Amino acid sequence: MAYSDSPFDRLVRLLAAEPDLPDFPSACRKLRVTPGVFNEMLLRQTGFCGEEIFFQIRMELLAE
């Protein structure tokens, strides 16, 4: 069975590796995904938009 990362998992890993990314669109460029499409995937998975998730993860990483 093939394992597929969730959009949320991909974003978390990226921000852990590159905490200096300035915003959600820059994270999408790094992941090579369209911001609108990725935002919709995150919204379906978590109930939160990509910008909200981006800044929440970033705040938590900076607090560590």
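Asparagine 39 is found in helix α3, helices being DSSP runs of H or I of at least four residues and strands runs of E of at least two, both numbered from the N terminus. The model is a predicted one, in which local features need pLDDT of at least 70 and side-chain atom pairs count only at pLDDT 80 or more, whereas totals for chains, interfaces and linings use all residues. Residues are numbered from 1 along each chain as its sequence is written, and side-chain values use heavy atoms, with hydrogens and water left out.

When neighbours within four places in sequence are set aside, asparagine 39 is in contact with Phe24, Cys49, Gly50 and Glu51, contact meaning heavy atoms within 4.5 Å. With glycine 50, the side chain of asparagine 39 reaches the backbone nitrogen at 2.5 Å. This pair is judged as a polar contact, that is, a pair of N or O atoms within 3.5 Å; within protein, one atom must be able to donate a hydrogen and the other to accept it, and residues adjacent in sequence count only if both atoms are side-chain atoms. Asparagine 39 and leucine 62 are separated by 23 residues in sequence and by 23 Å in space, C-alpha to C-alpha.

Leucine 62 itself is placed in helix α4. Its relative accessible area is 63%, and leucine 62 is therefore exposed; the classes are buried for under 20% relative accessible area, exposed for over 50% and partly exposed in between, with a 1.4 Å probe and protein chains only. Between leucine 62 and leucine 21, which are 41 residues apart along the chain, the C-alpha atoms are separated by 12 Å.

Helix α2 comprises residues 24-31, and within it Phe24, Ser26, Ala27, Cys28 and Leu31 are buried. These buried residues pack against α1 (7-17), α3 (35-46) and α4 (50-63). Serine 26, in helix α2, counts as buried because its relative accessibility is 7%. A polar atom of the serine 26 side chain lies 2.6 Å from the backbone oxygen of aspartate 23.

Helix α2 is followed by arginine 32, which lies in the loop between α2 and α3. The phi of arginine 32 is near 60°, a positive value in a residue other than glycine. Most residues other than glycine have a negative phi. Arginine 32 has a relative accessibility of 78% and so counts as exposed.

In the chain as a whole there are four helices and zero strands, and the pattern read along the sequence is α-α-α-α. The radius of gyration is 11 Å, close to the 11 Å given by the globule rule for 64 residues, so the chain is as compact as a globular protein of that length; the radius is taken over C-alpha atoms, and the rule is 2.2 Å times the number of residues to the power 0.38. Along its principal axes, the C-alpha trace spans about 35 × 25 × 20 Å. Of the 64 residues, 27% count as buried. Among contacts between residues at least 6 apart in sequence, 52% join residues at least 24 apart.

The accessible surface of the chain comes to about 4400 Å², of which 58% belongs to carbon and sulfur atoms; areas come from the Shrake-Rupley method with a 1.4 Å probe, and for residues only the protein chains shown count as cover. The chain has 7 positive and 10 negative side chains, and the centres of the two sets lie 8 Å apart. Lys and Arg count as positive and Asp and Glu as negative, while His and the chain ends are not counted; the place of a charge is taken as NZ of Lys, CZ of Arg, CG of Asp or CD of Glu.
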